[in-house]
Amino acid sequence: QVQLVESGGGLVQAGGSLRLSCAASGSIFSINYMGWYRQAPGKQRELVADITSGGSANYADSVKGRFTISRDNAKNTVFLQMNSLKPEDTAVYFCNADVTYRSSVTINYWGQGTQVTVSS
């Protein structure tokens, strides 16, 4: 079984910064895809940013130029550096990963989520 554990959420004023981390643990052979999603109250979960093991990153238009996704493949960890935060960034942020086992089976996992609140 694999666990994704997020950390780094919290309360910050508009214009501030936060750094989220998500560490995957368990019987992992490899992780190609890792991403961050968010869900605000009353809204659907949406992609924030994702990154492949080769470092190819993709961002939602709403966060381009403000957020940066990165990863440490050796530690099966993905990060999200969030700068110039806005109240509309307030949401629960979820980590997501495609984990491949030694058997070549790939399973998608979600973390439990971490709250990010940006005050105006």
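Predicted model: local features only at pLDDT ≥ 70, side-chain atom pairs only at ≥ 80, totals over all residues.
User: Is S104 buried or exposed?

Analyst: The relative accessible area of S104 is 59%; because the cut-off for exposed is over 50%, S104 is exposed.

User: Where do S84 and S104 sit relative to the strands?

Analyst: S84 lies in the loop that links β8 (77-82) to β9 (91-100). S104 belongs to the loop between β9 and β10 (106-110).

User: What is the phi of each of these serines?

Analyst: S84 has a phi near 50°, which is positive in a residue other than glycine. For S104, also a residue other than glycine, phi is positive and near 80°.

User: How do I read strand pairing, and how many bridges join β4 to β5?

Analyst: Two strands pair if at least two bridges are found between them. Strands β4 (residues 30-39) and β5 (residues 46-51) run antiparallel and are joined by 5 bridges. One of the contacts to look up is Y37, whose bridge partner in β5 is L47.

User: Which residue in the turn between β4 and β5 has a positive phi?

Analyst: G42, with a phi of about 80°; the hairpin has 6 residues between its two strands.

User: What does β5 do with β6?

Analyst: β5 runs antiparallel to β6 (residues 57-59), with 3 bridges joining them. I51 stands opposite A57 of β6. This hairpin has 5 residues between the strands, and G55 takes a positive phi near 95°.

How values were computed:
Residues numbered from 1 in each chain as written. Heavy atoms only, no water. Helix = DSSP H or I, 4+ residues; strand = E, 2+ residues; numbered from the N terminus. Buried < 20%, exposed > 50% of the residue type's maximum accessible area, 1.4 Å probe, protein only.
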